[in-house]
Amino acid sequence: MKAKSSPARGGGPNLVDLLDVEEIDTDLYRGKRGNDGFGRVFGGQVIAQALQAAQRSTDSPKAAHSLHAYFMRPGAEEHPIIYRVLRDFDGKSFATRRVIAMQKGQPILSMTCSLQVPEGGLAHQDAMPDVPMPEDLASDRDLRLAMIDKIPERFRANFMRPRMVDIRPVSPRSWFNPVKQEPKQNSWFRVVAPVDDDPALHRAILAYASDMSLLGTATLAHGVNWMTHKLQTASLDHTVWIHEPFRADEWLLYACDSPWAGHARGFNRGRIYARDGRLVASCAQEGLIRLRE
């Protein structure tokens, strides 16, 4: 079922509309273009649209529980993205899909996705970190606004552009004077616009947001960030495991850590908790973190 959009809390862009892929033929979908203004497509958008294509090709009640994606080329905002779905397996309990994201005839992302009929079983989970609640924290937008005078004027419009996900970091890092610290960070997030009850859409939104805080975790140990002149970063691969039902328009805690970095790569892990303490998803990502000479 296609989800309907609702008015945004902050009047920002509509993520629901962005992730609504269009079926143009059997197992062939077209994703809408974002308008971040970077020229390059945000990786979380490609992951989320690929997941939507996989979900659209699978009959309910099977629900996506894991995805594994590899980035091959950067996507360009000026071109649409075509998603080709390959139905590798359809069983009674599980289904497996492969999705290739294409631009101008070249693959930019390859993803595998597994879907399962819901069932019960043995259960345990890690406890949620003890952190302040989102109402007690400043939003990412407020933090950016507080330092707008330090941003060169030609970058300010992009720096303050409306975000489709509200992020509230527990311990905000410095953009201008980064220091070496333990490679761990926690932040609350939720989509800015309430959405309907379609669980597939909420899973896609979580996949989109899971790419927003993860890569930078590995840089914390080295006192660098995206404003460091010689630092080059890019996502190489991305994995999401979905454990429990959740709503992406309610606050979720993203607890990230980086146990290793080396050879111009950084490995990052993330756990996503609902406000009631349930571990609803886990993530992992290896990214390029190269300091150019």
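Beyond its neighbours within four places in sequence, Glu250 is in contact with Phe189 and Arg190 in this predicted model. Glu250 belongs to the loop that joins strand E9 (231-242) to strand E10 (252-262).

**Cysteines**
- Zero disulfides are found in a search of the whole structure.
- Cys113 takes part in no disulfide, and the nearest cysteine sulfur, which belongs to Cys283, is 14 Å away.
- Cys113 counts as buried because its relative accessibility is 1%.
- For Cys283, the closest cysteine sulfur is that of Cys256, at 7.6 Å, which is too far for a bond; the cut-off for a disulfide is 2.5 Å between sulfur atoms.
- Cys283 also counts as buried, with a relative accessibility of 3%.

**The second largest pocket**
- The volume of the second largest pocket is about 750 Å³.
- Strand E3 (63-71) and helix H5 (199-209) are the elements that contribute two or more residues to the lining of this pocket.
- The lining comprises 24 residues, and those nearest the pocket centre are Glu119, Ile242, His243, Glu244 and Pro245.
- By residue class, the lining of the second largest pocket consists of eleven nonpolar, eight polar and five charged residues.

Key
Residues are numbered from 1 along each chain as its sequence is written. This is a predicted model: local features need pLDDT of at least 70, side-chain atom pairs count only at pLDDT 80 or more; totals for chains, interfaces and linings use all residues. Side-chain values use heavy atoms; hydrogens and water are left out. Buried means under 20% relative accessible area, exposed over 50%, partly exposed in between (1.4 Å probe, protein chains only). On a 1 Å grid over the protein atoms alone, a cavity is a set of points where a 1.4 Å probe fits but cannot get out, and a pocket is an open set with protein on both sides within 12 Å along at least five of seven lines; lining residues have an atom within 4 Å of a point. Grid points are joined across faces, edges and corners, and a volume is the space filled by probe spheres set on the points. Helices (H or I, at least four residues) and strands (E, at least two) are DSSP runs, numbered from the N terminus. Ala, Val, Leu, Ile, Met, Phe, Trp, Tyr, Cys and Pro count as nonpolar, Asp, Glu, Lys and Arg as charged, and the others, Gly among them, as polar. Contact means heavy atoms within 4.5 Å.
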